[in-house]
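Morning, everyone. I have one structure to go through today, and I will keep it short. Please look at the screen.

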Amino acid sequence: MLLHWFRLALLLVTVSGAHGAAAGELVLYAREHFAGAVLAVRDAVPELPRAGFAPRMGSMVVRSGRWEVCTRPDFRGACFTAEPGDYPLLGRFINTIVSVREIESRGGADNPRRASTVELFEGQGFDGPRVLVREQMVTLRSVGFNDRAASLMVYGGRWEFCQHEQFGGLCMTYGPGRYEHLGALQRQISSMRRVR
């Protein structure tokens, strides 16, 4: 198994070298606290299982660059942005990471702020743990963020946020912007979808 991971890491490094020098490097570990098999990534990987291994990552180190880490293929599902640093525990993202890619710090086509995305924050004023969402979610339980959002940013499109799963209960629509407080939906959002 370790040999398999090593070969995959070597392949990814070789592939990224073919596209020019990559600015960032992300190191994934199979277990928490930087234990187990290691995989160094220097290029976008739209589906880790297809690359030869299941999404069993327990910790990671961002050596350089900013990385988007997602729970579904092609950088969809619940995503978060990881800045340079050590991540000995991945919380609700443990063993769920399916795709990863480096994103630019400002501007650029791959910047999540230029796409139709929403970032939910556990704390008011964009503080605390966060999750990046690009698609309809009939329940935020699937990404461990049910009834947790206290602020949010809409980067593109108009989104409906609802109090209950399956878009039930009180629903409110937010367009692009920064929302430091969510009023009646404070820590009440259970489902969301783009409406325009």
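Is E25 buried or exposed? E25 is buried, because its relative accessible area is 11%; buried means under 20%, exposed over 50%, and partly exposed in between, with a 1.4 Å probe and protein chains only.

Before going on, the ground rules. This is a predicted model, where local features need pLDDT of at least 70 and side-chain atom pairs count only at pLDDT 80 or more, while totals for chains, interfaces and linings use all residues. Residues are numbered from 1 along each chain as its sequence is written, and side-chain values use heavy atoms, leaving out hydrogens and water.

Back to E25. This residue sits in strand β1, residues 25–31; strands are DSSP runs of E, at least two residues, numbered from the N terminus. Its side chain makes a polar contact with the side chain of R42, at 2.9 Å. A polar contact is a pair of N or O atoms within 3.5 Å; within protein, one must be able to donate a hydrogen and the other to accept it, and residues adjacent in sequence count only if both atoms are side-chain atoms. Not counting residues up to four places away in sequence, E25 also touches A40, V41 and W67, among others, where contact means heavy atoms within 4.5 Å.

Next, the nonpolar core: buried Ala, Val, Leu, Ile, Met, Phe, Trp, Tyr and Cys residues joined through side-chain atoms within 4.5 Å. The largest has 36 residues, and F161 is one of those touching the most other members. β5 gives the most to this core, with three residues. Another core, of eight residues, lies apart from it and includes F126 and Y155.

Definitions and conventions. Helix = DSSP H or I, 4+ residues; strand = E, 2+ residues; numbered from the N terminus.
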